Amino acid sequence: IQRLSPTAVLGLWHLTETLAELWPSLPQAEAYQARMPATADATRQAQWLAGRVLIHRLLEELLPQPTADLLVNNDATGRPWLAGDATGLAVSLSHSSIWVAAMLTQGGRAGVDVEIIRDKAQRLAGKFLAPDEWATAQAATHATPEAEAHTHYTLLWSAKETLYKLAAKPGIIFKKQLLLSAFAPQAAGEIPATLVLDDNKTRHFICYCQPAPGYVLTYCHEPAA
């Protein structure tokens, strides 16, 4: 659990628990049983449960007295949101293999993404990177070992996923509306980004790190107004 600001908190969970171990940690278990994705396998169900347990833990961290009726729902696109007395609260969730990440903010938007590093992002770079972003990435990785290139492209994909979640709008075109500026890759840092919505451009800084070998984590939040 990491307190990012007075109004934002980030949680990261190394998931080893089974379904049977997770259920007792979840408030309103009966309500969540009705929302559990029935077709998901045991691994996906454990990730789903852990994400909700983690959000309730973040609620305890952020709010002095969280109300008992708060419940994590999903909209038609699968995006999580808090039902109940959740005025001003925004939530974001992500999971990849054994890692689950969540962010909770009060009074601002939030986005978080965790990804296992693999070659997929590099193979699909032309589909989600703008031409200048792709050219910059190729220049940055042309002389690096293959593993480092995979890490770099996975980080770029994760950063755009985080910005997409922060935007909370359907139909976004990653190549045109989620734009990343050049940065000097390091173990942890920030990526300057621009979100383009309805001809309105907003600037953001996407934080990143590697929470464990083989994974990248990105997150972004807005301060309360």
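Here are some notes on the pockets, the sheet and a few strands of this predicted model.

1. Ground rules. The model is predicted, so local features need pLDDT of at least 70 and side-chain atom pairs count only at pLDDT 80 or more, while totals for chains, interfaces and linings use all residues. Residues are numbered from 1 along each chain as its sequence is written, and side-chain values use heavy atoms, with hydrogens and water left out.

2. The largest pocket. Start with this one: its volume is about 1000 Å³. Its lining has 43 residues, and those closest to the centre are Leu93, Ser94, Asp113, Glu161 and Lys165. A pocket here is an open set of points on a 1 Å grid over the protein atoms alone, where a 1.4 Å probe fits and protein lies on both sides within 12 Å along at least five of seven lines; lining residues have an atom within 4 Å of a point. The volume is the space filled by probe spheres set on the points, which are joined across faces, edges and corners.

3. Who builds that lining? β5 (89-96) is one of the elements that supply at least two residues each, and so are α3 (42-62), β7 (110-116) and α7 (146-167). The largest share, 8 residues, comes from β5. Helices (H or I, at least four residues) and strands (E, at least two) are DSSP runs, numbered from the N terminus. By class, the lining has 21 nonpolar, 11 polar and 11 charged residues. For the classes, Ala, Val, Leu, Ile, Met, Phe, Trp, Tyr, Cys and Pro count as nonpolar, Asp, Glu, Lys and Arg as charged, and the others, Gly among them, as polar.

4. The second largest pocket. This one holds about 240 Å³ of space. Of its 14 lining residues, Glu148, Thr151, His152, Pro185 and Gln186 are the closest to the centre. Two or more lining residues come from each of α6 (131-141), α7 and β10 (200-209), and α7 gives the largest share, 4 residues. The lining splits into 7 nonpolar, 6 polar and 1 charged.

5. A look at His150. You'll find His150 in helix α7. Is His150 buried or exposed? His150 is buried, with a relative accessible area of 15%; buried means under 20%, exposed over 50%, and partly exposed in between (1.4 Å probe, protein chains only). Leaving aside residues up to four places away in sequence, His150 touches Ile117, Arg118, Asp119 and Gln122, where contact means heavy atoms within 4.5 Å.

6. The open sheet. Five strands run in the order β7-β11-β10-β9-β8, with antiparallel pairing; two strands pair if DSSP finds at least two bridges between them. β7 and β8 (178-180) are the edges, each pairing on one side only. From one strand to the next, the twist averages 25 degrees. Inside the sheet, β9 (residues 189-197) and β10 share 9 antiparallel bridges, and Glu190 sits opposite Cys207 in β10. Helix α7 packs on this sheet, touching β7, β8, β9, β10 and β11 (215-221), and its direction makes about 150 degrees with that of β7. Axes are lines fitted to C-alpha atoms, for helices over the stretch in contact, and angles run from 0 to 180 degrees between N-to-C directions.

7. Strand β6 and its partners. β6 (residues 99-106) is mostly covered, with 7 of its 8 residues buried. β6 pairs in the antiparallel sense with β2 (residues 8-14) over 7 bridges, and with β5 over 8 bridges. Look for Ala102 in β6: Gly11 stands opposite Ala102, and Ala102 is also the bridge partner of Leu93. The hairpin of β5 and β6 has 2 residues between the strands, and there Ser97 takes a positive phi near 55 degrees.
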